[in-house]
Amino acid sequence: MKIGICNDHAGVDYKFRLSEYLESKGYEMVNFGTDTTDSMDYPDVAHPLATAVENGDVDLGIAFCGTGNGIGMTLNKHQGIRAGLCWNAEIGKLIKQHNNANVLVMPARFVSFETVLEITDAWLGETFEGGRHQKRIDKIPYNK
């Protein structure tokens, strides 16, 4: 499985550490984020990741910014993206089971790296339940 990963300046360390962890488990990682802690704008990395997920260039995405909110909002502007913000493993499971989240978003400044690993493993280990949840997902795109 190929996973795209992006981050702003707040998530550099977690991006590198999580990529190494996932590569050791056999995942192919594609870096869309910044590699320095110099201040930068999260949309500049979120849009390329979202486009890669939508186009099928990567199977799933993972994103970090300070709170997870800015990068998550940007990702969710793309019609083919269902990005879920997680701060514990239970939410990581639920965004896959109920929302079929194709991008996992985490707040780099508010979770430990141990928690990042727990969330990521929970999210990757789950499957979408479909059924009533698919009906809800079908209602997400807004058409005026």
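**Loop geometry, ring pairs and charges in a predicted model**

Asn100 sits in the loop between helix H4 (89–97) and strand E5 (103–107). The model is predicted. Asn100 is not a glycine, yet its phi is positive, at about 50 degrees. Its relative accessible area is 25%, so Asn100 is partly exposed.

Aromatic contacts were examined next. A pair of aromatic rings is described by the distance of the centres and the angle of the planes. The structure holds two such aromatic pairs. In one of them, the ring centres of Tyr14 and Phe64 are 5.9 Å apart. Their planes stand at 65 degrees, so this pair is edge-to-face. Tyr14 belongs to helix H1 (residues 12–24), and Phe64 to strand E3 (residues 60–65). The contact therefore ties together parts that are 50 residues apart in sequence. Tyr14 has a relative accessible area of 13% and is buried. Phe64 is also buried, with a value of 0%.

Tyr14 also pairs with Phe113, with ring centres 5.6 Å apart. Here the planes are at 50 degrees, so the pair is tilted. Together, the ring pairs link Tyr14, Phe64 and Phe113 into a cluster.

Another buried residue is Leu75, at 0% relative accessibility. Leu75 lies in helix H3 (residues 69–75). From C-alpha to C-alpha, Leu75 and Gly33 are 13 Å apart in space. In sequence, Leu75 and Gly33 are separated by 42 residues.

Charged contacts follow. Side chains of opposite charge can pair when their charged atoms come close. Four salt bridges are present in the structure. One of them joins Glu28 and Lys2, whose closest N and O atoms are 4.0 Å apart. Glu28 is in strand E2 (residues 28–31) and Lys2 in strand E1 (residues 2–7), so the pair ties together parts that are 26 residues apart in sequence. Glu28 is partly exposed, with a relative accessible area of 45%. Lys2 is likewise partly exposed, with a value of 28%.

Arg17 is partly exposed, with a relative accessible area of 38%. Asp13 counts as partly exposed at 43%.

Helix H1 also contributes Lys15 to a salt bridge with Asp35. The closest N and O atoms of Asp35 and Lys15 are 2.8 Å apart. Asp35 is in the loop between E2 and helix H2 (43–55), and the pair links distant parts of the chain, 20 residues apart. Lys15 counts as buried, at 1%.

Positive charge also gathers on the surface. A patch there comprises Arg132, Lys135, Arg136 and Lys139. Lys139 lies in the segment after helix H6 (132–138). The relative accessibility of Lys139 is 64%, so this residue counts as exposed.

Notes. Residues numbered from 1 in each chain as written. Predicted model: local features only at pLDDT ≥ 70, side-chain atom pairs only at ≥ 80, totals over all residues. Heavy atoms only, no water. Patch = residues over 30% accessible without salt bridge, like charges linked within 9 Å, V, L, I, M, F, W, Y side chains within 5 Å. Areas by Shrake-Rupley, 256 points an atom, 1.4 Å probe, with all protein chains shown as cover. Salt bridge = Lys/Arg side-chain N within 4 Å of Asp/Glu carboxyl O. Lys, Arg positive; Asp, Glu negative; His and termini not counted. Charge placed at Lys NZ, Arg CZ, Asp CG, Glu CD. Helix = DSSP H or I, 4+ residues; strand = E, 2+ residues; numbered from the N terminus. Buried < 20%, exposed > 50% of the residue type's maximum accessible area, 1.4 Å probe, protein only. Phe/Tyr/Trp six-rings, centres within 6.5 Å; stacked < 30°, edge-to-face > 60°.
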